[in-house]
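User: I want to learn how to read a structure feature by feature. Can you take me through one?

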Amino acid sequence: MSDRLRLVPYGLEPATVDAFCRITTDPEVYWWRDEPYTAEAQAGYFASEAFFEDAPNGMGYWAVFPKDTEALLGQVILQPLEDSGLIEIGWHFLETGRGHGYATEAAARLLSYGFDTRNIDPIYAVIRAANEASIQVALRLGMRPDGQGTYYDKPHLRFRLTRSLYKSQSQDVTS
């Protein structure tokens with residue numbers, strides 16, 4: 001919970017398979033994919049053990065809602081970054097959830113959780129170079145450019161944030 005938002009782990013109401021499919025099949029959200037995910041494929045993934053395999057380690061996907069409603073805004077993710085040994089944070093927001101600082105606010109809460117509760121250090125984000133909005137979120141969070149690489153079969157910029165740098169920052173990440 002934050003001042004304006006609720007982060008609800010998928011599998012708990014109202015973070016249902018329908019919410020997950022709404023985000024992950026929206027071509028405006030997943031624009032970087034060559035072909036959009038289908039609702040059938042995403043519902044199957046949601047129902048699989050693979051979707052929840054990181055939950056015992058305190059990682060996974062959280063749906064993001066306004067504090068007092070069930071109007072889905074987006075999702076944030078804390079998960080292993082493929083087979084790299086790194087832990088990544090990610091954010092995907094519907095059009096109605098953009099431009100209000102929600103991605104930054106939700107990701108900041110997840111960073112705090114990752115650093116303070118799960119003892120993860122550092123945390124990375126990988127972002128397509130054309131995704132200027134997500135790059136700006138990473139920078140507002142205090143993440144620093146850390147090279148580039150191929151992730152999810154596509155070239156990405158990599159950003160990194162350490163616990164000590166995160167704790168030393170005295171910025172309002174919700175703006």
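User: What should I know about the model before reading it?

Analyst: This is a predicted model, in which local features need pLDDT of at least 70, side-chain atom pairs count only at pLDDT 80 or more, and totals for chains, interfaces and linings use all residues. Residues are numbered from 1 along each chain as its sequence is written, and side-chain values use heavy atoms, with hydrogens and water left out.

User: Which residues of H3 are buried?

Analyst: Buried means under 20% relative accessible area, exposed over 50%, and partly exposed in between (1.4 Å probe, protein chains only). The buried residues of H3 are Tyr102, Ala103, Thr104, Glu105, Ala106, Ala107, Ala108, Leu110, Leu111, Gly114 and Phe115.

User: What follows H3?

Analyst: Asn119 follows H3, and its phi is positive, near 60°. Asn119 is a residue other than glycine. Its place is in the loop between H3 and E5. Asn119 is exposed, with a relative accessible area of 56%.

User: Where else is phi positive in a residue other than glycine?

Analyst: Glu82 is a case, with phi near 45°. Glu82 sits in the loop between strand E3 (74-80) and strand E4 (87-93). Its relative accessible area is 38%, so Glu82 is partly exposed.

User: Now a helix pair. At what angle do the axes of H1 and H2 cross?

Analyst: Axes are lines fitted to C-alpha atoms, for helices over the stretch in contact, and angles run from 0 to 180 degrees between N-to-C directions. The axes of H1 (residues 17-24) and H2 (residues 39-47) come within 9 Å and cross at roughly 135°. Angles under 35 degrees count as roughly parallel, over 145 as roughly antiparallel, 65 to 115 as roughly perpendicular and the rest as oblique. H1 and H2 are therefore oblique to each other.

User: Which residues make the contact of H1 and H2?

Analyst: Contact means heavy atoms within 4.5 Å. H1 contributes Val17, Phe20, Cys21 and Thr24, while H2 contributes Ala39, Gln42, Ala43, Tyr45 and Phe46. Ala, Val, Leu, Ile, Met, Phe, Trp, Tyr, Cys and Pro count as nonpolar, Asp, Glu, Lys and Arg as charged, and the others, Gly among them, as polar. By class, the contact of H1 with H2 has seven nonpolar, two polar and no charged residues.

User: What do the buried residues of H1 pack against?

Analyst: They pack against H2, E2, E3 and E4. The buried residues of H1 are Ala19, Phe20, Cys21, Ile23 and Thr24.

User: On to peptide bonds. Which residues does a cis peptide bond join?

Analyst: Read omega: a cis peptide bond with omega about 0° joins Glu13 and Pro14. Pro14 lies in the loop between strand E1 (5-9) and H1. Another cis peptide bond joins Asp121 and Pro122, again with omega about 0°. Pro122 is in the loop between H3 and strand E5 (123-127).

User: Take single residues. Is Ala63 buried or exposed?

Analyst: At 0% relative accessibility, Ala63 counts as buried. Ala63 lies in strand E2 (residues 60-66). Not counting residues up to four places away in sequence, Ala63 touches Arg6, Leu7, Val8, Tyr10, Ala15, Leu72, Gly74 and Gln75.

User: What does Gly147 touch?

Analyst: With the same exclusion of residues up to four places away in sequence, Gly147 touches Leu157 and Arg158. Gly147 is found in strand E6 (residues 144-151). At 44% relative accessibility, Gly147 counts as partly exposed.

Methods. Helices (H or I, at least four residues) and strands (E, at least two) are DSSP runs, numbered from the N terminus.
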